[in-house]
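Please consult the sequence and the model shown here.

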Amino acid sequence: MTTSSSERGVSLGMPEPPAPAYPDDVQERLAADAREIVARYPDSRSALLPLLHLVQSEEGHVTRTGMRFCAETLGLTTAEVTAVATFYTMYRRRPSGDYQVGVCTNTLCAVMGGDAIFESLQEHLGVGNGETTEDGKVTLEHIECNAACDFAPVVMVNWEFFDNQTPASARDLVDDLRAGRAVQPTRGARLCTFKETARILAGFPDERPGAVEEGGSAGPASLVGLRLAKGESEPARVVHPRDGGPHDEAQSAVHDPSPAEHLSSHDAPHQTSASDPAHPAGPAAEEGE
């Protein structure tokens, strides 16, 4: 007795049928938006990234219908559109929540508490990585570096920063999101839903009153290097030697450093041939000598 391939659970690799088109009213509305986006670029193909944000703003993720729409609008194949949509993690390929909560678990955030935050949120929300709460409000995921290491550990919600988080503050954050309470990022405008965020990323204005004025700038920790480069001094620090030797009060006293002093043993000046008279630099050798 033999069994068919379907009975054995074997896929024959048959292609999926073509994706359905959007309903006529949605198609017409998106087509008008798409024309505005394409007009911004000298080459229509360059409009693919914002178009993917546009279709994502419609359903909360990039569907096969959305990719068909992008392909037909730009004269591309669905394979070309799929290659882009699957490359960038900012495009969701399956239904997700109103709020994308991403916990940075890259090296610095992880050692500063990012791993603990992620584990705490998984337990608190009852979901795993990439999963959405039953109420459809929050999708949790661990993400790579947010380029905000000076505020580690960092959590992002719909690409907005929540700096210097702890497991407790992160739990409070997701509770507020699920309860519909207003949440203000550390830097930037107040939160909107993921669909609304996707439309803004497609290049359309944020029409919420006052939202643009709320846009944040770099935080104080990010500006330390700039202030030093401009010659603005930082408060004096006490840097004890690493040899574990005893310290008397005179050695430990805080003093105002002169411009020539260094505040860390790591960047203290070293003797060189230019600064050490006992070891003067010799004449430069000619090539081949």
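The points below are grouped by topic.

The model is predicted: local features require pLDDT of at least 70 and side-chain atom pairs count only at pLDDT 80 or more, while totals for chains, interfaces and linings use all residues. Residues are numbered from 1 along each chain as its sequence is written, and side-chain values use heavy atoms, with hydrogens and water left out.

**Cysteines**

- The search of the whole structure finds 0 disulfides (a disulfide being a pair of cysteine sulfur atoms within 2.5 Å).
- Cys-145 is in no disulfide, and its nearest cysteine sulfur, that of Cys-149, is 4.0 Å away.
- Cys-145 has a relative accessible area of 45% and is partly exposed (buried is under 20% relative accessible area, exposed over 50%, and partly exposed in between, with a 1.4 Å probe and protein chains only).
- Cys-149 is likewise in no disulfide, and this residue is partly exposed at 38% relative accessibility.

- Arg-29 belongs to helix α1, residues 24-38 (helices are DSSP runs of H or I with at least four residues, numbered from the N terminus).
- With 41% relative accessibility, Arg-29 is partly exposed.
- The side chains of Arg-29 and Glu-58 are joined by a polar contact of 2.9 Å (a pair of N or O atoms within 3.5 Å; within protein, one must be able to donate a hydrogen and the other to accept it, and residues adjacent in sequence count only if both atoms are side-chain atoms).

**Leu-49**

- Leu-49 lies in helix α2, residues 48-59.
- The relative accessible area of Leu-49 is 32%, which is partly exposed.

Terms used: Helix = DSSP H or I, 4+ residues; strand = E, 2+ residues; numbered from the N terminus.
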